[in-house]
Amino acid sequence: MSFTADDYRLMARALQLAEQGLWTTSPNPRVGCVLVQAGEIVGEGWHAKAGEPHAEVHALKAAGERARGATAYVTLEPCSHYGRTPPCAEALIAAGVSRVIAAMTDPNPLVAGKGLAMLQAAGIETASGVLENEARELNIGFVSRMTRGRPWLRLKAAASLDGKTALNNGVSQWITGPDARRDGHRWRARACAILTGYGTVRDDDPTLTVREVETTRQPLRVIVDSRLETPATAKVLQGGPVLIAAAVDNPEKAEILRSTGAEIVFLPNSQDKVDLPGLMQELGRRGINEVHAEAGCKLNGSLLREGLVDEFLFYFAPCLIGDDANGLFGLPALTTLAGKQALQIRDVRQIGPDIRLIARPS
């Protein structure tokens, strides 16, 4: 099916609406809906929070009787199953819409084309594929969890132009400026979980909460701590849910950490380190769509070696620190450039005096 300029324009509006749930919909996808009657928008809606009405329901309520015979533009295929809310496909059928255009089909196996099929069976014209790439990017974590069983992992790092993240004595605050830090908190806010390692907890004692921007929720903090060395006084254990991934059980330390409210999960690999792929699968089972990693060079290197990094969020400050400082990734030395990690640069822009670069493994 060929799409018109109006189809693209109206789906772009639906995507704008969906973005309003960027920080709040987890574990559900971000979805927007626009209802159009005779070229006029008669209803709009977006999904704000899991358990609350979906985008289509809000748009139908806004349209009222004008929904009958309307075209619905939805950024994700309407659901066809009963979850915490009734199926949106049934609501669209009951409202009497004549046409439904989805940006993309739902990767959730519970839906996966069934919503569009339900609409077609009711005599409603359907189509999908308008601004599909944009819709997929908006829900990249949800798509990852539905198709791979694990979240989308975005690794954030702040460094000097010569790629150094801290002095060799561990001092790292602050290499980049306040504008870059505020932007980093926006990325924290959209994530379902923030991942770090014990080394960062020991050296920086971070809180890893969203503070620089307003948010209605705090992401889960996840600490990779093989031997349960995180002290009970660590700031990261305060102010919200914490999950500690460990490899070696120490009942005494475990009891102390649990007394702070932290949850501990044991995921050892053959080297008595945390099984990082297993941790990602565990987070996927918990409904985590996006993980925002802020760690040191050792964990960064381990995540990269395990093939778990989906996206890099780099902030480079206009300064040089020198060879003796700490680098971005703890990786074994290469003997040939054929072993280099190639990246695809997705976006480069200036944030205050610093440069933000977004890239993905090629």
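Trainee: Which residues lie nearest the centre of the largest cavity?

Mentor: Of the 15 residues that line the largest cavity, Asn28, Arg30, Asn139, Asn289 and Glu290 lie nearest its centre; a cavity is a set of points on a 1 Å grid over the protein atoms alone where a 1.4 Å probe fits but cannot get out, and lining residues have an atom within 4 Å of a point. This is a predicted model, in which local features need pLDDT of at least 70 and side-chain atom pairs count only at pLDDT 80 or more, while totals for chains, interfaces and linings use all residues. Residues are numbered from 1 along each chain as its sequence is written, and side-chain values use heavy atoms, with hydrogens and water left out.

Trainee: And which helix gives the largest share of that lining?

Mentor: Helix 6, residues 140-148, does so with 3 residues, where helices are DSSP runs of H or I with at least four residues, strands are E runs of at least two, and both are numbered from the N terminus.

Trainee: New topic: where does Ser226 sit, and what does it touch?

Mentor: Ser226 is in the loop between strand 9 (220-224) and strand 10 (242-246), and its contacts (heavy atoms within 4.5 Å), leaving aside residues up to four places away in sequence, include Ala245, Val248 and Asp272.

Trainee: Is Ser226 buried or exposed?

Mentor: Ser226 counts as buried because its relative accessibility is 15%, buried being under 20% relative accessible area, exposed over 50% and partly exposed in between (1.4 Å probe, protein chains only).

Trainee: What about Asp272, what is its phi?

Mentor: Phi of Asp272 is near 60°, a positive value in a residue other than glycine; Asp272 belongs to the loop between strand 11 (263-266) and helix 10 (276-285), and at 40% relative accessibility Asp272 counts as partly exposed.

How values were computed:
1 Å grid on protein atoms, 1.4 Å probe; cavity = no way out; pocket = protein on both sides within 12 Å on 5 of 7 lines; lining within 4 Å.
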